[in-house]
Amino acid sequence: MVPLTDKFGRRITDLRISVTDRCNYKCVYCRTGNGGELYGDLPFADYLRMARVLAGLGIKKVRVTGGEPLLRKGVVDFVRDLSALRDPDGEPLELALTTNGHLLADLAQPFKDAGLRRVTVSMDAVDPDRFARITRVPNGYDNVLAGIRAARHAGLWPVKVNCVLMRGFNEDQIIPFGMFAREEGVVVRFIEFMPLEEDRVWTPETVVTLDEIVRRMAEYRPLVEIPCGRSETARRYRFDDGIGEIGIIAPVSHPFCGHCSRIRVTSDGKIRTCLFSVWDHDLHELMRRGATDEEMAEFIRGVVQRKEERHHIGEPDFVPASRTMVHIGG
Ligand code: SAM
């Protein structure tokens with residue numbers, strides 16, 4: 001089997017599947033709060049077939065995402081079916097999930113039992129009022145905290161907590177999140193705000209950058225960088241006493257496109273080769289027309305050849321992506 005590789009020599013090993021573009025939160029950096037589902041979704045059997053063909057091409061890691069994936073009934077069974085897939089070496093896939101955590105408390109153990117390895121929970125404040133202001137949903141904080149603790153308890157290890165910092169909303173949460181990482185035994189990862197929101201409020205000034213996060217956290221305790229592999233998107237840090245891990249994902253100030261290993265399948269079955277793609281590739285339509293697995297694999301190889309070299313955030317020639325984050329699958 002020839003590994004799935006793009007024309008810049010990048011090996012494609014990571015797949016993200018969005019199983020819905022609906023969400024029960026309206027985070028200020030993501031949604032307007034008015035629009036809902038735009039693209040619809042597919043039966044799980046269709047995503048499973050796509051994942052099986054992609055596993056045959058050397059995909060090693062699958063992340064289930066959305067929208068909010070836990071809004072879909074049957075998602076635990078879907079994970080169980082994914083866990084039966086094998087890559088060309090006969091190895092199981094590494095399965096992960098990204099969720100806002102609102103419905104996670106009761107599902108963490110069933111997910112673990114179904115073969116999920118890890119979970120990432122999005123959480124943008126460690127203060128209930130601030131959390132409600134960002135998500136625009138009342139009383140979510142306690143649910144999410146319970147979800148994080150249930151995930152730890154179930155051994156979905158390591159539990160990562162993603163926080164998008166947006167100036168004017170939560171940049172004062174950096175140190176509280178540092179404390180949270182140490183107290184709760186989770187990896188907190190700050191993500192730089194990208195221009196992928198429905199409301200088009202992004203400007204360079206709204207981005208809280210990696211350098212600023214490290215500087216601010218050092219006022220609490222110094223961070224020591226953990227050396228890591230080239231393909232990791234997050235820069236990883238430990239506090240100087242060895243307790244607590246922080247990651248920073250800095251696509252704006254420190255882009256990592258040169259070693260991007262990802263492709264995405266949207267909830268309506270389109271392949272996207274970059275978050276900032278201005279087009280997508282209709283794998284589901286091909287399936288609907290009766291394509292064989294081999295024809296699907298050939299189509300995917302062709303699509304991967306057209307993977308963009310890099311994004312152009314903040315440059316004069318930046319063209320907004322053809323979909324916003326919630327409709328792509330983060
Ligand atoms: N609903 C799930 C959740 O909340 O994690 C999965 C989908 S959500 C779109 C995936 C991730 O994208 C979340 O961690 C969210 O914070 C992040 N995200 C959404 N909009 C973003 C933006 N404009 N810039 C950076 N990250 C963003």
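Which side chains meet in a salt bridge with an N to O distance of 2.7 Å? In this predicted model, the pair consists of Arg-310 and Glu-315. Arg-310 is partly exposed, with a relative accessibility of 38%, and Glu-315 likewise counts as partly exposed, at 27%.

The structure holds 26 salt bridges. Another of them joins Glu-245 to Arg-236, with the closest N and O atoms 2.8 Å apart. Here Glu-245 is buried at 12% relative accessibility, whereas Arg-236 is partly exposed at 24%. A further salt bridge is formed between Lys-270 and Asp-282, the closest N and O atoms being separated by 3.9 Å. Because Lys-270 belongs to strand β11 (residues 270-272) and Asp-282 to strand β12 (residues 281-282), this pair ties together parts that are 12 residues apart in sequence. Lys-270 is buried, its relative accessible area being 17%, while Asp-282 is partly exposed at 29%. Both residues take part in a network of salt bridges that also links Asp-268, Arg-272, Asp-280 and Arg-323.

Strand β4 (residues 118-122) is mostly covered, four of its five residues being buried. It pairs in the parallel sense with strand β3 (residues 94-99) over four bridges, and within this pairing Arg-118 of β4 is the bridge partner of Ala-96.

Nonpolar packing was examined next. In soluble globular proteins, nonpolar side chains tend to be buried together. The largest nonpolar core of the model comprises 104 residues, and Phe-180, Phe-190 and Ile-246 have the most contacts inside it. Apart from neighbours within four places in sequence, Phe-180 is in contact with Met-123, Val-126, Tyr-141, Leu-145, Ile-148, Val-161, Gly-185, Val-186 and Val-188.

Thr-13 is located in the segment before strand β1 (14-18). With a relative accessible area of 18%, Thr-13 falls under the 20% limit and is therefore buried. Its side chain makes a polar contact of 3.2 Å with the side chain of Asp-14. When neighbours within four places in sequence are set aside, the residues in contact with Thr-13 are Gly-58, Ile-59, Lys-60, Lys-61 and Ser-261.

Conventions
Residues are numbered from 1 along each chain as its sequence is written. This is a predicted model: local features need pLDDT of at least 70, side-chain atom pairs count only at pLDDT 80 or more; totals for chains, interfaces and linings use all residues. Side-chain values use heavy atoms; hydrogens and water are left out. Helices (H or I, at least four residues) and strands (E, at least two) are DSSP runs, numbered from the N terminus. Buried means under 20% relative accessible area, exposed over 50%, partly exposed in between (1.4 Å probe, protein chains only). A polar contact is a pair of N or O atoms within 3.5 Å; within protein, one must be able to donate a hydrogen and the other to accept it, and residues adjacent in sequence count only if both atoms are side-chain atoms. Contact means heavy atoms within 4.5 Å. Two strands pair if DSSP finds at least two bridges between them. A nonpolar core is a set of buried Ala, Val, Leu, Ile, Met, Phe, Trp, Tyr and Cys residues joined through side-chain atoms within 4.5 Å. A salt bridge is a side-chain nitrogen of Lys or Arg within 4 Å of a carboxyl oxygen of Asp or Glu.
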